[in-house]
Amino acid sequence: MDISSHNEGLVGRHKRQLEFLTSEVNVPSSLVQKLKDFQIAIPSWALGTGGTRFGRFSAGGEPRNLEEKIADVGLLHSLNKSSGAISLHIPWDIPSDPKAIMTLAAQHGLAFDAVNSNTFQDQSGQALSYKFGSLQHVSKATRKQAIDHNIDVIKHGVSLGSKSLTVWLSDGSCFPGQLNFRKTYQRTVESLEEIYAALPSDWKLYLEYKAYEPNFYSTTVGDWGASYSMVNKLGPKAYTLVDLGHHLPNANIEQIVSILLMEGKLGGFHFNDSKYGDDDLTAGSIKPYQLFLIFNELVEGMDANGMNHAKDLGWMIDASHNVKDPLEDLMQSVEAIQIAYAQALLVDQKALEIARDENDVVQCQEILQAAFRTDVRSLVAQARLELGGALDPLAYFRHSNARAKLIETRGEKTQATGL
Ligand SMILES: [Mn+2]
């Protein structure tokens with residue numbers, strides 16, 4: 001069954017749901033177009049089973065190389081029409097022939113989003129170890145090796161038409177006294193300055209932060225304050241990247257987002273969800289209200305700054321799948337992000353401002369939750385339908401036996417670099 005026959009069977013019900021919604025709720029005329037424009041990049045490392053340090057259970061048919069990773073994102077994009085970009089990790093995804101890889105991606109309608117460097121593990125043949133850090137390392141030679149790697153990643157990104165570099169550092173310490181915090185910070189900034197100097201003029205550098213893990217006493221870029229102060233020192237092309245799972249429990253992420261946006265230093269997102277820490281679970285699976293509140297701040301703040309919702313920030317998923325089919329999990333994440341975005345677009349911002357000015361706390365909550373409790377799935381489906389995607393991507397993926405076909409061609413126990 002092709003996508004149009006799949007849609008034919010569902011379109012009657014879809015239209016009834018959409019008509020009911022638009023008769024009940026004031027839907028802005030631009031909303032569906034905004035959903036159509038909104039693309040979320042898929043990370044190359046989320047197409048296979050991630051596992052934990054205790055074990056890894058293969059989903060079967062996982063991509064074995066960069067070409068198959070691109071094919072998987074292409075399959076996803078053909079169904080939901082909202083995953084039109086892939087984010088690569090170097091050295092896991094070094095293209096042997098960048099032109100051929102660009103052609104393949106273009107055939108699937110994909111662009112290359114941010115490239116990611118890796119100084120959190122040692123690669124085979126690497127001269128110096130990152131056991132005690134990379135950009136922060138006490139040895140100048142080790143710092144230089146890490147700087148050179150990041151510059152190399154930028155070059156790979158340039159060859160693929162990417163426009164941004166994401167730096168996440170595992171640098172930190174496991175025990176009190178291990179590091180001089182001040183000198184560690186200064187060494188990290190000096191290293192980042194060298195990487196920043198190698199950025200092409202139309203590129204951005206995203207500096208991700210993370211509270212803990214793999215280091216458990218201190219992380220050198222441990223929170224948004226550390227990242228913000230560093231990207232401010234670097235210059236106008238450097239921004240802070242928010243990974244939802246990289247906060248301590250109960251952190252008010254939407255407030256962090258609002259402040260970074262106001263300061264013009266919010267670069268983008270790694271979407272995921274968590275119960276305890278950096279769980280890398282499906283976006284919206286644990287705290288959908290938090291995801292909505294983040295999007296509410298994004299919509300309000302981006303509109304206040306005259307920003308383009310689709311293009312002015314980096315929208316990426318960062319996830320790992322232990323028990324779900326990776327592609328099904330990614331479909332759920334993309335849908336959850338689109339739902340939160342659509343709900344945020346329904347918030348009556350004018351009425352909310354009036355209620356705030358009147359200190360009508362009850363009304364403020366009513367306005368936000370009226371949007372959050374609206375079932376906007378038919379709006380998201382309508383955007384997909386207009387773009388030629390599947391009304392129900394997950395059902396189509398299952399009915400078409402897509403995973404079984406991947407296992408048939410790739411095998412039951414496959415594993416790509418970085419997975
Ligand atoms: Mn991340």
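A residue is counted as buried here if 20 or more other C-beta atoms lie within 10 Å of its own. By this criterion, in a model that is predicted, the buried residues of helix α13 are Ser378, Leu379, Val380, Ala381, Gln382, Ala383, Arg384 and Leu385. Helix α13 spans residues 377-386 and is mostly covered, with eight of its ten residues buried. The buried residues of α13 pack against α1 (3-24), α2 (31-37), α3 (66-80) and α10. Gly388 follows α13 and has a positive phi, near 90 degrees.

Helix α12 comprises twelve residues, 361-372. The distance from its first C-alpha to its last is 17 Å, close to the 16 Å expected at 1.5 Å a residue. Buried positions in α12 are Ile367, Leu368, Ala371 and Phe372. These four lie on the same side of α12 because they cover an arc of only 135 degrees around the axis. In general, an α-helix has 3.6 residues a turn, so residues three or four places apart point the same way. The face of α12 turned away from the buried side carries Val362, Gln365 and Gln369, which are exposed. Packing partners of the buried residues of α12 are α9 (288-304), α10 (326-346) and α11 (349-357).

Six strands form an open sheet with parallel pairing, in the order β4-β5-β7-β9-β10-β11. Leu207 stands opposite Thr240 in β9. Helix α7 (residues 224-234) packs on the sheet, where it touches β7 and β9, and its direction makes about 160 degrees with that of β9.

The largest nonpolar core contains 97 residues. Those with the most contacts inside this core are Ile86, Leu205, Leu207, Ile317, Ala340 and Ala342. Helix α10 gives the most to the core, with 13 residues. For Leu205, when residues up to four places away in sequence are not counted, the residues touched are Leu165, Val167, Ile195, Tyr196, Leu199, Leu234, Lys237 and Ala238.

How values were computed
Residues are numbered from 1 along each chain as its sequence is written. This is a predicted model: local features need pLDDT of at least 70, side-chain atom pairs count only at pLDDT 80 or more; totals for chains, interfaces and linings use all residues. Helices (H or I, at least four residues) and strands (E, at least two) are DSSP runs, numbered from the N terminus. The expected span of a helix is 1.5 Å times one less than its number of residues. A residue is buried if 20 or more other C-beta atoms lie within 10 Å of its own, exposed if 12 or fewer, and partly exposed in between; C-beta atoms are placed from the backbone. The arc is that of the directions from the helix axis to the C-beta atoms. Two residues are in contact if their C-beta atoms, placed from the backbone, lie within 7 Å. Two strands pair if DSSP finds at least two bridges between them. Axes are lines fitted to C-alpha atoms, for helices over the stretch in contact, and angles run from 0 to 180 degrees between N-to-C directions. A nonpolar core is a set of buried Ala, Val, Leu, Ile, Met, Phe, Trp, Tyr and Cys residues joined through C-beta atoms within 7 Å.
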